[in-house]
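Here are my notes on the model below.

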Amino acid sequence: MLRRTAIALLAALAAAVGVTAATESRAAAAGVEDEGVSCPAPALPDAGALPTVTRLPDPFKRLNGTRITSPADWRCQRNEIKKLAEKFVYGEKPAKPSSVTGTVSASTVTVNVSHNGRSASFSAGVELPSGTGPFPAVVVLGGFGADTATIKAAGAAVIKYDPYAVGREGTGRANKQGAFYSVYGSNSTTGLLVAWAWGVSRIIDVLEQSGGSILRGDATGVTGCSRFGKGTFVTGAFDQRIALTMPIESGTAGVPILRGVPGEGAQSLSSAYGEQPWLGDAFGSFTGSPTRLPVDTHETVAMIAPRGLFIMDNPHIANLGPRSASVAALAGAEVYKALGAGGNITYWSDVQDGSHCANRAEWREPLRQNIQRFLLNTGNQAGVMRISSRAAGNLAEWRDWTTPHLGASPSSSPSTSPSSGGSCSTTYTAGQQWADRFNLTVNVSGGGNWVVTVTAQSPQYFQNSWNAATTLSNNNTVLTARPNGSGNSFGFTVMHNGNRTWPAISCLIA
C-alpha cells in the first residue's frame, strides 16, 4: 500500500511540473489501473454523424479540435481515446468491482469477484524462476505467448491464465459466457478481448493485495499469440499498471490498423467480427467502413505509452496483416516520441521462420532485454523498429498530422531525437544477411538536412555504407550519416560478431 501511495504521489508531482517519468523504466507503469478516471467525461460523437476519414486519426487532437501541447495533457487525451475505443471498437471495460479477493501461492493465483449481487471466481497457474522472490510476473494468455523458458531465465515468473474462464469463445453475442459475463450479464455488449483484459486486471488486484512475498504487484507483463495476441494488446492498453505488453502475431482485431486491413489481404473485418465476439458489438456497424471510425489501433498502441511495448510479428503470413501492424507501430511510436519515451517501444517482424506462433530465436534476446528493463529495472537497452522488407508499411501514406514537441525529456530512442533545429524520424528495413554480417537500410523522414547517428551493439562494428555521406568513429562502432544528394534513404553493413541486435539510432535536424 505504501509503495502504491508513493507511486501515485510521484505521478502527481510529475503532472504538476509538466514532465513525464517515461525516461525511467521503473516509473513507466502507473500505480492505478486507469489514470484518466478523474478527467472530464468527453462528449463522444454519435455513430451516425461520423465523417469518412481515410487516413489515421490524429492521436494528439482532442475531440474539441485542439491539439495537446504538453506531456501533462496526455492523461486526459488518452482517456478520450480510451472512451472512443470502448464505444466503437471494443466495448466498455468496467472499473474495478466492489469486491476482489484471492490468494497467491508458488503454484496458483485465485481470484474471487463480486459486484452488484453477482459473483464469479477463476484461477491461474504459477511457475516461478530460480532464485529468491518476490518476482515480477508475466501473464501468458492461453498458453501461447513469448518463450516461457526465456521469461523465467530472465528472472520473471509465469502466470498461466486461461482467458476462456473469463470470456468463452463459441457463444453468441446475446449469450456470452464466462466470469466477466457472470458479473456483467450475458448480453453485455463488451467483447471478449476486453473481458480477457478485465480478468488480468483482477489478477493484478490480487497480486497487489497479497503483500508481494511471492509475486510483486508492481511489475507485471502480459503476452499472448494469435487470438491471445489480440487479447494481450487490449489488456496492456486498458490497464496502466502493466509495465510490459508483448503481443505476438495478433492479426485483425489486434495490432494492424483497421483502415489498412481491407487493402492488405488480411483476414477481413467482417470475418474477424463474425468468427468470435472478440470485438464489441458496436463494431459490427464498421466492418465495411472502417474509415468512419474516429479511432484506430495506432491509438491503442498510444494508450500503452509510455510503458514498455514489444510487438512481435510475422511478415510471411499476409492474413495476419503485418504491413498494417507495422503502420500501427510506427504511428503509435510517434506518441512515445512526443512523450520522451521513444526507446520504450519495439516492433520486430524481421524473422526467418514463417510458422504461426513459432518459438523464434530472433526474439529471445530482445525479450530478455525488455524483461530486464521494464520488469526488473536492470537494463537500459532501447527499443528498435526492426521491420521486415516483406511487409513494411509506409506511415507517410497514412497520416496527415505532425508530431508535436511536447517538451518532454527524450529517452534513448530508436527513431527520433529532438533538437533545437527540429526533429526527424527513422525506420529500419532489413537487407541481405550472411553468416557474419547483415545489411540495413535507414529511411529518414521529417526534414532534408538531417544527421543520423547509428551506434553498434557490442561487439559489432560497421564495415561500409552507401547513399549518404558517412563518418566512422570509436573504432568503427559509431556511424554518423548526412545527406549526399542520393535521397533520404541510406544503408550500411554490420559485422555482428554473434550479436544480431540492430544498432541504436537517433536523428536530428542540423
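1. Is helix α9 (residues 297-304) mostly covered or mostly open? Mostly covered: eight of its eight residues are buried. Buried means under 20% relative accessible area, exposed over 50%, partly exposed in between (1.4 Å probe, protein chains only). Helices (H or I, at least four residues) and strands (E, at least two) are DSSP runs, numbered from the N terminus.

2. A word on the basis. This is a predicted model: local features need pLDDT of at least 70, side-chain atom pairs count only at pLDDT 80 or more, and totals for chains, interfaces and linings use all residues. Residues are numbered from 1 along each chain as its sequence is written, and side-chain values use heavy atoms, with hydrogens and water left out.

3. The whole structure holds 19 aromatic pairs. Rings of Phe, Tyr and Trp (its six-membered ring) pair if their centres lie within 6.5 Å; planes under 30 degrees apart count as stacked, over 60 as edge-to-face and the rest as tilted. Phe-144 and Phe-228 are stacked, because their ring centres are 6.4 Å apart and their planes at 10°. Phe-144 lies in the loop between β4 (135-141) and α3 (148-153), and Phe-228 in helix α6, 84 residues apart.

4. Accessibility differs within this pair. Phe-144 is partly exposed at 49% relative accessibility. Phe-228 is buried at 6%.

5. Tyr-184 and Trp-198 form an edge-to-face pair, with centres 5.8 Å apart and planes at 85°. Tyr-184 belongs to helix α4 (residues 179-184), Trp-198 to helix α5 (residues 192-209).

6. Ring pairs also join Trp-348, Tyr-428, Trp-450, Phe-462, Phe-490, Phe-492 and Trp-502 into a cluster.
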